[in-house]
Amino acid sequence: MVKSLLIENGVIVTMDAGRRIFSKGHVLVEDDRIAAIGDAAPPAPSPNSTRIDASGMVVMPGLVDTHAHAGHMLTKGLGDDSEAWMNMAGRIYADATDSEFWAAEGALSALERIKCGTTTAALLFGGGPDIMRTEAPEAAQAHLAAVAEMGVREILGVGPNRPGAAHVYRDYSRSPRADISVSPEAQLAVCARLVDDWQDRNGRLRLAITLPVFTARELEDPAVYNLSRKVRDFSREKGMLLIQDGHRGGSIAANAERLGLFDGHSLLAHCVELTEADIAALKDTGAKVAHNPSALMSVSGRCPAIELMEDGVTVSLGTDASAPDRSFDMFRNMFQAHRYHARHFRDDAVLPPMQLLEMATIEGARALSMESEIGSLELGKRADIILVNMRQPHLWPPAHPVQRLARFANGADVDTTIVDGRILMRARKLVDRDEDAILDRAERAFHLMMNRAGLA
């Protein structure tokens with residue numbers, strides 16, 4: 001890792017409390033922290049410092065993706081429509097993957113995030129409430145090890161499936177291969193082991209606990225209620241983020257009233273077609289929202305992100321990962337969020353550029369309870385920084401940098417990605433990883449998975 005790094009001559013978009021922008025500034029990094037920032041003459045770096053001339057670039061915090069899924073990188077393009085893809089992906093995750101699949105897919109996922117300037121992401125380890133890959137620890141361990149090598153920051157959500165139906169996974173580590181059945185309680189035991197082994201390893205990897213979204217009627221089932229209570233107590237005992245995927249129409253209020261499930265360390269994804277009681281529960285509990293404007297759930301219902309933010313609820317942006325029809329590009333999601341809500345209100349003034357950038361940086365950090373560490377360029381914070389090449393036709397002329405970032409930029413404009421002071425990509429090239437090797441490994445895992453799934 002670079003011990004000392006001076007970035008100079010760039011437009012510095014800090015995203016600090018004052019939302020300061022320095023038209024020709026510097027950022028000094030010592031070890032993994034920001035040691036100086038400003039527009040005056042930069043402090044003298046140590047003799048062995050690495051220097052980056054950021055002329056023609058915006059220097060800004062790394063982007064924060066607050067909702068995505070592991071696995072999706074190697075299922076994109078499958079199926080003729082979203083329903084076919086969802087059915088296919090669920091079958092693939094349970095029946096056709098091994099630890100190597102999850103390692104290769106994890107490295108590929110991290111690669112796309114690095115190339116798009118996303119330095120932190122929260123991913124669920126599975127594709128839905130009944131295909132969480134926590135029947136055993138090996139798949140998640142392989143994913144986490146691969147992500148650790150890539151150097152990005154990640155929160156991996158692990159948790160149980162719904163109780164009731166049998167959940168069967170194919171185990172390729174045995175010879176001959178075998179199908180194993182697992183209960184939600186056994187999955188929770190695996191999650192506890194993963195948390196003990198991996199929580200906050202190397203300062204970049206964290207674990208979160210996940211729980212399927214249950215309706216008021218489902219919570220009347222003692223098995224559902226008891227599982228939810230166990231997950232709630234586990235998350236609070238460990239001081240972990242609790243993540244849920246797929247809240248809509250009354251589910252937030254039901255879980256808040258019946259279980260007291262939420263607090264300031266709860267992150268609820270999608271949140272479409274909310275009731276007044278749902279919104280009141282978000283305000284009362286301090287739970288955060290991950291808004292995914294490019295996701296399928298945002299087609300079937302609307303997340304009232306504007307109204308929630310006006311009521312003081314923290315709303316961040318997520319990609320929902322890279323399948324079936326989207327990518328990890330957070331710039332694309334900023335643009336999509338603006339159009340999504342401008343069309344609803346028939347008002348182009350909603351979600352101005354600075355607010356969009358907030359949702360993708362500091363508000364994303366706040367949603368993950370990490371705002372004291374990341375999300376803005378400030379003294380003492382972790383050095384998660386990206387440089388965006390603005391000297392391009394679609395980003396010209398050189399004025400209004402925030403507007404150009406939120407309205408016109410895309411992930412391919414990111415020149416440099418830095419996490420914890422370590423340069424992961426410079427001039428669009430990985431610094432110490434072989435991109436072709438990552439792609440080749442993912443291709444091998446993909447073809448093996450397709451053969452096992454009978455889709456080749």
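Helix 3 passes helix 4 in a right-handed crossing, a crossing counting as right-handed if the near helix is turned clockwise from the far one by less than a right angle, and left-handed if anticlockwise. Helices here are DSSP runs of H or I with at least four residues, and strands are runs of E with at least two, numbered from the N terminus. The structure is a predicted model, in which local features need pLDDT of at least 70 and side-chain atom pairs count only at pLDDT 80 or more, while totals for chains, interfaces and linings use all residues. Residues are numbered from 1 along each chain as its sequence is written, and side-chain values use heavy atoms, with hydrogens and water left out.

The axes of helix 3 (residues 138–150) and helix 4 come within 11 Å and cross at roughly 25 degrees; axes are lines fitted to C-alpha atoms over the stretch in contact, and angles run from 0 to 180 degrees between N-to-C directions. The two helices are therefore roughly parallel to each other, the term for angles under 35 degrees. On the helix 3 side, Ala140, Gln141, Leu144 and Ala145 meet Arg193, Leu194, Asp197 and Trp198 of helix 4, where contact means heavy atoms within 4.5 Å. By class, this contact holds 5 nonpolar, 1 polar and 2 charged residues, with Asp, Glu, Lys and Arg taken as charged, Ala, Val, Leu, Ile, Met, Phe, Trp, Tyr, Cys and Pro as nonpolar, and the others, Gly among them, as polar.

Helix 4 (residues 184–198) also packs with helix 5 (residues 222–238), their axes coming within 11 Å and crossing at roughly 10 degrees. That makes helix 4 roughly parallel to helix 5. The contact of helix 4 with helix 5 has 7 nonpolar, no polar and 4 charged residues.

Turning to charge pairs, the count comes to 32 salt bridges, each a side-chain nitrogen of Lys or Arg within 4 Å of a carboxyl oxygen of Asp or Glu. Arginine 153 pairs with aspartate 384, the closest N and O atoms being 2.9 Å apart. Aspartate 384 lies in the loop between helix 12 (362–367) and strand 16 (385–389) and arginine 153 in strand 8 (residues 153–158), so the pair ties together parts that are 231 residues apart in sequence. Arginine 153 also forms a salt bridge with aspartate 420 (2.8 Å, N to O). Aspartate 420 and arginine 153 are both buried, meaning under 20% relative accessible area with a 1.4 Å probe, protein chains only. Salt bridges that share partners join Asp32, Arg33, Arg153, Arg206, Glu373, Arg382, Asp384 and Asp420 into one network.

Technical notes. Angles under 35 degrees count as roughly parallel, over 145 as roughly antiparallel, 65 to 115 as roughly perpendicular and the rest as oblique. Buried means under 20% relative accessible area, exposed over 50%, partly exposed in between (1.4 Å probe, protein chains only).
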